[in-house]
Each structure stands twice: as C-alpha cells, then as structure tokens.
Amino acid sequence: MERSATSGHLPVMYRQVLEGLRVRGDGAYLDGTFGRGGHARGVLDQLGAGGRLLVMDKDPEAIAVAEREFGADPRVSIFRGSFADLARWDATASGLDGILFDLGVSSPQLDVAERGFSFGRDGPLDMRMDPDAGQSAAEWLAQAEEREIADVLWTYGEERQSRRIARAIVARRDEDPLVRTAQLAELIASALPRTAHTGPGKGRHPATRSFQAIRIFINRELADLEAGLDAALERLRPGGRLAVISFHSLEDRIVKQFINRHAKAPPANRRMPVEIAFTPDLLAIGGAQKADDAETAANPRARSAVLRVAEKPALQEAA
C-alpha cells in the first residue's frame with residue numbers, strides 16, 4: 001500500500017482505484033478530492049510527458065499541499081473548489097479519461113482538532129471542509145429550530161434518538177452556547193438513555209452518528225455528490241472511467257443508483273405498444289468493492305469504504 005510522503009496518510013483502496021481508473025500514459029485524469037495526494041500521486045506516477053492530472057479540493061490546506069508538491073509539474077493543474085463544479089473548470093473542457101471522488105472527511109482533517117470534525121479531539125465546533133464558506137456547525141446549531149436539527153440527525157446520521165438530542169441541544173444553547181466539539185459530544189452522550197449505550201454499535205461513541213450527520217449537512221455533501229456525478233458524466237470521454245469511494249450507506253446508495261440509472265434500461269411499460277430503445281451512458285465495471293483484510297488491519301478507516309467503478313461507453317462506429 002502506498003503512503004503519502006507528507007502526512008503518512010494511507011489512501012484508501014489505492015491499488016483498486018488505480019486498476020479501476022486504468023491509467024494511460026497520455027490520458028487526462030481528475031482527482032476531485034485531493035486530500036493529501038495519495039491517489040493523485042499514484043496516477044501521476046503512471047503518466048508520461050503527454051499526460052495531464054487535474055486536482056481539486058475545497059480544503060485550502062489540501063490545496064497548499066498540492067501546490068507545494070505538484071505545482072512545478074507542467075502536467076498538473078490545481079483548482080480550489082468542490083468537485084460539484086468540475087464541469088465549470090475550463091481545464092476539464094477538453095474531456096477526461098478518468099475521474100476519482102474519495103468522499104467524506106479525510107484523515108488529516110480528523111486529526112487536526114482546530115477543524116472541529118472529531119469528537120475525540122476537542123476543538124472549535126466548525127466542521128467545514130472549506131473554512132471560508134458557509135456556516136460553521138456552531139453557527140448553525142445556535143440558530144436552527146429543534147425540528148430542523150432532529151431532521152438532520154435522522155436523515156444524514158440515521159440517529160434514532162434524533163429528537164431527544166435536538167431537544168437537549170436547544171435547551172443547552174439557551175444557557176451555554178455550544179462552541180467546542182467536546183461540549184457537543186458530552187451533551188449528546190448525556191442526553192441518550194442508558195439503553196442507547198448497549199446493543200448494536202456498543203463501544204462506539206454515542207456522538208458518532210450526530211457528528212457525521214452535522215458534517216454532511218454543513219458541507220452539503222450529498223447534494224455536491226449528486227451534482228458532481230452529473231458533471232463527471234458530462235466531462236468523461238468515451239472509454240473514460242469514474243471511480244468513487246464512499247464511506248456511508250447514503251453516499252453509496254446515491255452512487256449505485258446513479259450508475260444503474262445510466263447503465264440499465266428503465267422497467268418496461270406494458271402499456272407501451274413499442275419498446276423504446278435504450279442506449280447506456282455508463283457501464284458498471286464489476287460491483288461494489290471492499291478493502292481486503294490486510295488493508296483494514298493497517299488502516300481501520302478502510303473498513304467502511306466501498307469503491308464503485310463505471311465506464312463511459314466508447315463511441316460505436318456506424319455500420
């Protein structure tokens with residue numbers, strides 16, 4: 001397994017991603033979630049002088065790493081922004097032979113307390129992947145209605161105690177503003193009934209689902225994913241491949257449904273006298289892939305990773 005030279009960060013499913021992208025030396029590839037560059041570095045190692053690597057990230061720290069490590073390479077172009085907007089980047093206009101999305105929060109983001117992603121490291125309650133855009137988690141929790149907070153916890157975290165937690169948050173903020181990750185984590189743990197600490201998921205911090213839900217909401221992760229998948233299909237060249245790593249069932253469901261919608265004919269309508277011809281926009285390359293035992297032992301984060309790969313069909317020559 002390859003390890004980032006700068007951070008020790010292990011790029012998840014490194015081998016499977018590079019095999020899925022099927023990198024050609026003269027191809028053009030985009031890493032929409034640069035992180036610390038583990039996957040991007042692997043792609044660049046396989047490119048020749050005529051190849052191109054485009055990298056994107058919302059996180060200014062990730063972009064700083066990309067500029068420092070790859071900025072002098074004429075094959076590399078760097079852009080700070082969400083992959084949802086990849087089709088608006090002029091550098092993608094000529095088409096791409098491969099696109100990678102590695103979803104969710106990166107290990108370096110979790111490891112820095114000041115980013116506010118982790119309940120295990122006390123820091124400002126921020127959670128923004130782009131700290132210069134939108135509301136922080138603290139700002140949102142300070143003004144959101146109880147019902148909205150509960151809906152977010154249930155929709156994006158599948159938290160069964162969402163209403164109880166939302167009620168506790170609203171009650172606490174009136175007395176003491178929630179501005180630190182440790183504050184929120186302790187409040188959630190104290191709000192849950194004793195039975196919530198046993199059964200399935202025992203041993204997992206009781207704030208896990210809530211922190212995940214708030215992070216997904218604050219960063220518009222699912223909406224960005226849907227927009228990014230559409231943009232990727234638009235920019236892929238015939239024969240180009242899309243690889244997406246997800247870490248949550250909601251993300252994987254969106255990716256799976258997107259691939260199926262473009263790869264499979266819709267159910268036949270028996271009332272239609274003539275069957276409508278269907279031409280797929282994508283071809284699924286295998287099914288869902290998981291990290292092997294060796295990788296999950298070395299990198300526990302890989303346990304929940306799911307990789308899906310799809311290919312845009314090559315143009316068919318007229319008969």
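Analyst: Buried means under 20% relative accessible area, exposed means over 50%, and partly exposed lies in between (1.4 Å probe, protein chains only). This is a predicted model, where local features need pLDDT of at least 70, side-chain atom pairs count only at pLDDT 80 or more, and totals for chains, interfaces and linings use all residues. Residues are numbered from 1 along each chain as its sequence is written, and side-chain values use heavy atoms, with hydrogens and water left out.

User: Is serine 210 buried or exposed, and what is its relative accessible area?
Analyst: Serine 210 is found in helix α9 (residues 208–218). Helices (H or I, at least four residues) and strands (E, at least two) are DSSP runs, numbered from the N terminus. Leaving aside neighbours within four places in sequence, serine 210 is in contact (heavy atoms within 4.5 Å) with Leu153, Glu159, Ile165 and Ile188. Serine 210 is buried, and its relative accessible area is 0%.

User: How many salt bridges does the structure hold?
Analyst: Side chains of opposite charge can pair when their charged atoms come close. A salt bridge here is a side-chain nitrogen of Lys or Arg within 4 Å of a carboxyl oxygen of Asp or Glu. The structure holds 19.

User: How many residues apart in sequence are the parts that glutamate 311 and arginine 22 tie together?
Analyst: The two side chains meet in a salt bridge at 3.2 Å, N to O. Glutamate 311 lies in strand β8 (residues 306–311) and arginine 22 in the loop between α1 (14–21) and β1 (28–31), so the pair ties together parts separated in sequence by 289 residues.

User: What is the N to O distance between glutamate 221 and arginine 215?
Analyst: Glutamate 221 is buried at 9% relative accessible area. Arginine 215 is buried at 12%. Their side chains meet in a salt bridge, N to O, at 2.8 Å.

User: Which residues are linked with Arg24 in a network of salt bridges?
Analyst: Aspartate 26 forms a salt bridge with arginine 24, with the closest N and O atoms 3.3 Å apart. Aspartate 26 is exposed at 53%, while arginine 24 is partly exposed at 40%. The network links Arg24 with Asp26, Asp97 and Arg237.

User: Which side chain of opposite charge is nearest to aspartate 31?
Analyst: Aspartate 31 sits in strand β1. Lys and Arg count as positive and Asp and Glu as negative; His and the chain ends are not counted. Aspartate 31 is buried yet has no salt bridge. At 9.1 Å, the nearest side chain of opposite charge is arginine 41.
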